[in-house]
Amino acid sequence: MIRSHRAKRWTLVFLALLLLAMGSPLVYLWAKGPAYGEKRYVSVAKADLPPVQASTARLHKQLFIADLHADPLLWARDLSEKSARGHVDVPRLLSGNVGLQVFGVVTQISPVHNHEENPDLDAMGVLAFAQRWPVKTWFSIPARGFYQAEKLRAVESASDGHFRIITSRQDLRALLAQKLRGDEVVGGLLAFEGLQVLDGKLALYEEFVKLGYRMMGLTHFFDTEAAGSRHGMEKYGLTEFGRQLVRRMEQDGVVLDLAHASDKATTEALAFARQPVVVSHTGVDGVCPRLRNLSDEHIRAVANTGGVVGIGYWPSAACGLSPQQIVKSIRYVADLVGVDHVALGSDYDGAVTVAFDTSGLAHLTQALVDDGFSPAEIEKIMGGNVVRVLLEVLPDVSH
C-alpha cells in the first residue's frame, strides 16, 4: 500500500533512458536556456478584469494580503528583480501590496503528469538539468528541497530589506508592524508540496524544520510514505508515519497542508489534527466539480479545525479565469462555513494559466466588492484569516 522508496532510482533510470533516446533534444533543451520550460507552462491569459474603482484602490492599499501558495522557486529567474515571465517576484508582490507569500517547493514531477493516476516516477531531474541547477539536484529529491530554500535565502539577501523570510510568530508580528507603518516589505514562508522529499526519514524532516520550512503538504501528485494523493496510484489514507509527522508538526509550529491529499487521507488527517489545518490551493466541488476540488464535507471539517481553504485562480479550480469566477468559489465557502475560513491560494507559477499576476490583485479586491463583501470581510479573505492561523500555529521564535 505504501509507496516504495524507489523514486531516486527511477530518477536515474528515467534520465538514463532519456539521455539515450533523446540525446540531441536534451542538448537543445540546455541550449534554449532556463526560460524555455517556464515560458511554455506558465502564462497570463486575457480575461474580463473588472475596472478598479478609486475607493477599492484605497481599500486594497490598506489590506494585509496573504497568498497560501505559489511556485516561483521552481523556475530559474531572479525573484529579486521584476520579470516579464511568470507570475511572482518581489517587485510585483510589492506592486500588488502582498504582505505574505507562501512559497511552495516542488521536489518531484511525473513524466506522465495527469490528475487521475501518477506512478512513482521522477522526471524533475530533467527540469533541474535544463535550468542548470546543481548536479546533485538532478538525482536527489531531498537536495531539491535544500536548494530551493537556498534560493529563497538568496532573494532575501538581495532584496535590500524589502523581503523577509518568516519562521515564527515574532517574525510575523514584526512584519505586520512594518506594513502598518507603510514600509515596502513582503514576507515569505517556505512550504513543501509533497513529503516524498523526506524519503520516509524523520531526520530529514528535522533538518528541513531547522532550515525554515513552516508549512508541509503531505502529498503532491504521488502517494507518499505519509499519505495517499488524490492523483496517486493507490490513494490510501494517513499512514503511521503520516500520523507521527502530523504530531511533530503540531509540536514544532509547522502548518499542515492537505492540498492534493486523497479523500481518505484528508478525512483521516482532519479528524486526527489538533490545530488549524489549511488546504493551501484548491477549488470547491460546489462551484467547479473536479477530482482536485474539495467537497462540502471536507470544507466543513477544515473549518472545524479553525483552518482555512485557499481558493485557486486556475481554470480547473474555479471553472473560469476571471476574478468574478474566483469570487464565486470564495462566496461559496463563506456561505457554507463562514468568512473566517476562506483565503487566497493562487498557485501562481505552478504550471498554470491565470488572468492576472500578483501585481494585479486589486482586480480581485474589486470583484469581492462587487459581490457585496464588506471591507471587514474582504480584510479577512485577502489575508486576515491566514494571519490568524499562522499566529496560532507558528512557533513563538525561530528554532
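A disulfide is a pair of cysteine sulfur atoms within 2.5 Å. The views below come from a predicted model, in which local features need pLDDT of at least 70, side-chain atom pairs count only at pLDDT 80 or more, and totals for chains, interfaces and linings use all residues. Residues are numbered from 1 along each chain as its sequence is written, and side-chain values use heavy atoms, with hydrogens and water left out.

**View 1. Cysteine 288 and cysteine 319 form a disulfide.**
A search of the whole structure finds one disulfide. The two sulfur atoms, of cysteine 288 and cysteine 319, are 2.0 Å apart. The torsion about their S-S bond is about 75°, so the disulfide is right-handed. Cysteine 288 sits in the loop between β8 (278-282) and α13 (296-304), and cysteine 319 in the loop between α14 (315-318) and α15 (323-337), so the pair ties together parts that are 31 residues apart in sequence. Helices (H or I, at least four residues) and strands (E, at least two) are DSSP runs, numbered from the N terminus. Which of the two cysteines is buried, and which is partly exposed? Cysteine 288 is buried, with a relative accessible area of 0%. Cysteine 319 is partly exposed, at 32%. Buried means under 20% relative accessible area, exposed over 50%, and partly exposed in between (1.4 Å probe, protein chains only).

**View 2. Strand β6 pairs with β5 and with β7.**
Five of the five residues of β6 (residues 213-217) are buried, so the strand is largely enclosed by the rest of the structure. Strand β5 (residues 186-193) pairs with β6 in the parallel sense over four bridges. Two strands pair if DSSP finds at least two bridges between them. Phenylalanine 192 stands opposite methionine 216 in β6. From β5 the chain crosses through helix α10 (residues 202-211) to β6, and this β-α-β crossover is right-handed. A crossover is right-handed if, with the strands pointing away from the viewer, the path from the first strand over the helix to the second runs clockwise. β6 also pairs with strand β7 (residues 255-257), in the parallel sense and over three bridges. Methionine 215 stands opposite valine 255 in β7.

**View 3. β2, α5 and β3 make a right-handed β-α-β unit.**
Six of the six residues of β2 (residues 65-70) are buried, so this strand is largely enclosed by the rest of the structure. Four bridges join β2 to β3 (residues 98-105), and the two strands run parallel. Isoleucine 65 stands opposite valine 98 in β3. Glutamate 81 lies in the loop between β2 and α5. At 48% relative accessibility, glutamate 81 is partly exposed. Its C-alpha atom is separated by 15 Å from that of aspartate 357, 276 residues apart along the chain.

**View 4. The second largest pocket has a volume of about 340 Å³.**
On a 1 Å grid over the protein atoms alone, a cavity is a set of points where a 1.4 Å probe fits but cannot get out, and a pocket is an open set with protein on both sides within 12 Å along at least five of seven lines; lining residues have an atom within 4 Å of a point. Grid points are joined across faces, edges and corners, and a volume is the space filled by probe spheres set on the points. Of the 18 lining residues, the closest to the centre are Lys61, Gln62, Leu63, Asn97 and Lys179. α4 (54-62), α5 (90-95) and α9 (169-181) each supply at least two lining residues. The largest share, four residues, comes from α4. The lining divides into eight nonpolar, six polar and four charged residues. Ala, Val, Leu, Ile, Met, Phe, Trp, Tyr, Cys and Pro count as nonpolar, Asp, Glu, Lys and Arg as charged, and the others, Gly among them, as polar.

**View 5. The largest cavity holds about 70 Å³ of space.**
The count comes to two cavities of 30 Å³ or more. Residues lining the largest cavity include Val246, Met249, Val255, Leu256 and Val393. α11 and β7 each give two or more residues to this lining. The largest share, three residues, comes from α11. By class, the lining has nine nonpolar, one polar and one charged residues.

**View 6. The loop between β10 and β11 holds aspartate 347 and alanine 351.**
The loop runs between β10 (342-344) and β11 (353-354). Phi of aspartate 347 is near 65°, a positive value in a residue other than glycine. Alanine 351 has a positive phi of about 55°, although it is not a glycine. Alanine 351 is partly exposed, at 46%.
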